[in-house]
Structures are given as C-alpha cells and as structure tokens.
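Me: Hi! I have a structure open and would like to talk it through with you. Could we look at it together?

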Amino acid sequence: MDKKVVVIGGGVAGMQTALTLSELGHQPVIVEKESVMGGKLCRWHKLFPTFTPASEVLEGLRQRVTEAGIEVLTGRTVDRITDTGVALADGTNLACDATAVCTGFDIFDATIKEEYGYGIYDNVYTTVDLEDMFNRGEIRMANGELPRRVAFLHCVGSRDEKVNQRHCSRVCCITGVKQAIEVKRMIPGVEVFNFYMDIRMFGPGYEEMYREAQYEYNIQFIRGRISEASQTMDHRVRIKAEDTLVGRPLQMTVDMLVLIVGMRAGSSNARFASSCPGVDLYASGFVRPMDQFRHNVCSGSERVFYAGTVSAPKNIGESINEGIAAAHRISQYLNR
C-alpha cells in the first residue's frame, strides 16, 4: 500500500479519483493547471436536472480533498507522461507508480462559426457567458437592458463535419433546456426559443425537464438550424432558419442569441499520446480506452488510467462515478 499516483487534472473526476485512492490506502497527488481545483464546474451556476447549485458539489469535493490531506499542486501543467511518472512544463519530474489522466475537455470556440457572429455582434453569447450572468444574478444585453426575446441554438461545435466535430456532446441539449428555464425564472414575461436538430434527453429526469420547459414555462422548441445571424441597426440579432417540421423558412429578430457550445477533445490529449505508448486517440481527439465495456478506464499502458470527459462527453455524475472506478482499477494494478 501507500503507492504514489499522480492524478492529472483537478476537476470533479480528478478529485474523486484522488479521494477514492486515498481511501484505498494509496498516496495521490493532484496536478491542476489552474490556480484552483474544479475545472469547468467553477463557472457553472446550477446543475441539471435538479437545479442543484454547482458550488455545493464543488465545495463538497474540495473540502473532502483537504480533509483527506491529499497533496495538490495548482498552477502546474503536465508536459508529458513518462515511463516512471509525469514531467511538468517547468522541468519538474514527478515519479509515481501509476497515472490517472483526468484532464477533461475543451469548450468549443464559437468564433470558429463565423456565421453566428460570436465576438462580432454585441448580443451573441455562449452558454458559458450565460452561466457567468446567472452567477452575477442578472441577465443583461450589451446596453444594460433586460432582453425581451432570447433564442438558443443547439449543437454549436457538435455533430458538425465542417469544423471536424462529428460527435454529439450529449449534455448540450439538457444544458439548453436548463438555461432556458433559468432565463424564464429570472425574467418573467421573456420569450424564449430553442432551435435544435434533435433533442437528446438521455438521462434520468431529463425528459421530464424538457416537458416542463414546454408546458410550464412556455418555451418554444423549433426543429431547425439557424443558417446565419446578423446585427440590426439597434444592435439586436436577426436570425434566419428553417422550421423543418413544417418545411418553411423563418426569420426572427431577438435581443440575445445564445450559442450552446459543445465539448471538444482536450488540447493535451495529443501531447500525451505522442509521449506515452499505449495512450491512443479516437478520430475526435478524445482518448481511446482499452475497450468501452470491461476496461473503459484503462489505457493501452498498464500504468495509465482515465476518468471523466478525457475519453468522451459525460455529465457530472458519470465523471464522478468514473473517478471511483478508475481508482479501484489503479488499486488493483498497484496491489498485484
């Protein structure tokens, strides 16, 4: 026992992996590139489908890590995985008996989809921007006014061959539903429209939340992609789309357009794959586990393991569960 394991990434999957390893009698060390632990969850307001404050999940995990006395190295970037441990970008080498890669995902850069005007027009935002507004307690247009009409566009950076993002990011649909409800709760009387290709409600309580959005909050769901957006003279956003259920073109002017951005593979994945034999990638750039059934947290290297969204889009609960599974697989390997 008391074997050392470097956990790369201090998000929910990394923290849970470290906690379970500690409970199993091993010595985890979390290496986090940001100044605080928490990953993408740090910017989120509430979680679907229960509207649980993200801070409750985040602070609960952080507190347990502190109480367990787990070593945490923040503000440190892993450069590569070696035969004996991991090498940091500052030249430090951390020797260890196993490595858990929990580096998560990158958020799709909405500026790539120029036709939607993100970074160009005043009132085009992403789901991440909207979460920042939720955390501030107000939703405002660029001029400081409350929006009266808001449109959400699903699948920006997901299921899109033009930008080499062919995969479904899974949690985008439910994120768009959750945020639409939050907008309605914060601004009574606002009109909200969700433009989608397909609605994929795969989790417990998701379908119920989707129905609640329609029947209790009167949120309008329109099947069709927005083809382009432009800015009006008064800095509102004019969108063009097609309602594919009725087969007719549609134009609409809204006060805010929210782009529901997907998950893309983490930028460090390719670096790890090139430095460590056995770390393989899907065409999407996410890491490829040994197999998706019996060894879904194992890599092709016996001493490298995965947890969370480093291998595919997942929700918070799935990422935490994979952290537990990865820790037990690591422990089995260390105790052989």
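Me: Is K113 buried or exposed?
Reply: K113 counts as buried, because its relative accessibility is 6%; buried means under 20% relative accessible area, exposed over 50% and partly exposed in between, with a 1.4 Å probe and protein chains only. This is a predicted model, where local features need pLDDT of at least 70, side-chain atom pairs count only at pLDDT 80 or more, and totals for chains, interfaces and linings use all residues. Residues are numbered from 1 along each chain as its sequence is written, and side-chain values use heavy atoms, with hydrogens and water left out.

Me: Thanks! Which residue forms a salt bridge with K113?
Reply: D160 does, with the closest N and O atoms 2.7 Å apart. The two come from distant parts of the chain, 47 residues apart: D160 is in the loop between β12 and α4, and K113 in the loop between β10 (105–107) and β11 (124–126). Helices (H or I, at least four residues) and strands (E, at least two) are DSSP runs, numbered from the N terminus. A salt bridge here is a side-chain nitrogen of Lys or Arg within 4 Å of a carboxyl oxygen of Asp or Glu.

Me: And D160, buried or exposed?
Reply: D160 counts as buried, at 6% relative accessibility. K113 and D160 are also linked with E115 in a network of salt bridges.

Me: How many salt bridges does the rule give?
Reply: The count comes to 19 salt bridges. Among them is R223 with D198, at 3.4 Å from N to O. R223 sits in strand β14 (residues 220–223) and D198 in the loop between β13 (191–196) and α5 (206–215). R223 is partly exposed at 29% relative accessibility, and D198 is partly exposed at 26%.

Me: Switching to domains, what does the assignment give?
Reply: It gives domain 1 (4–104 + 266–334) and domain 2 (110–263); the bounds come from an automatic or database domain assignment. Their centres, taken over C-alpha atoms, are separated by 31 Å.

Me: How many residues of each domain are in contact?
Reply: 15 residues of domain 1 are in contact with 24 of domain 2, where contact means heavy atoms within 4.5 Å. About 1800 Å² is buried between the two domains, and carbon and sulfur atoms give 62% of that area. Buried area is the accessible area (1.4 Å probe) that two parts lose on being put together, summed over both.

Me: How many salt bridges are there between the domains?
Reply: Between domain 1 and domain 2 the count is 2 salt bridges.

Me: OK, which residue meets R170 in a salt bridge?
Reply: That's E318, at 2.9 Å from N to O. R170 has a positive phi near 65°, and R170 lies in the loop between β12 and α4 (172–186). Most residues other than glycine have a negative phi, and most peptide bonds are trans.

Me: Speaking of peptide bonds, which residues does a cis one join?
Reply: F48 and P49, with omega about -5°. P49 is in the loop between β3 (46–47) and β4 (52–53).

Me: Last topic, helix α7: which elements cover its buried residues?
Reply: The cover includes β1 (4–8), α1 (12–23), α2 (54–67), β9 (98–101) and β22 (304–306). Among the buried residues of α7 are S319, I320 and E322. E322 also meets K314 in a salt bridge, at 3.7 Å from N to O.
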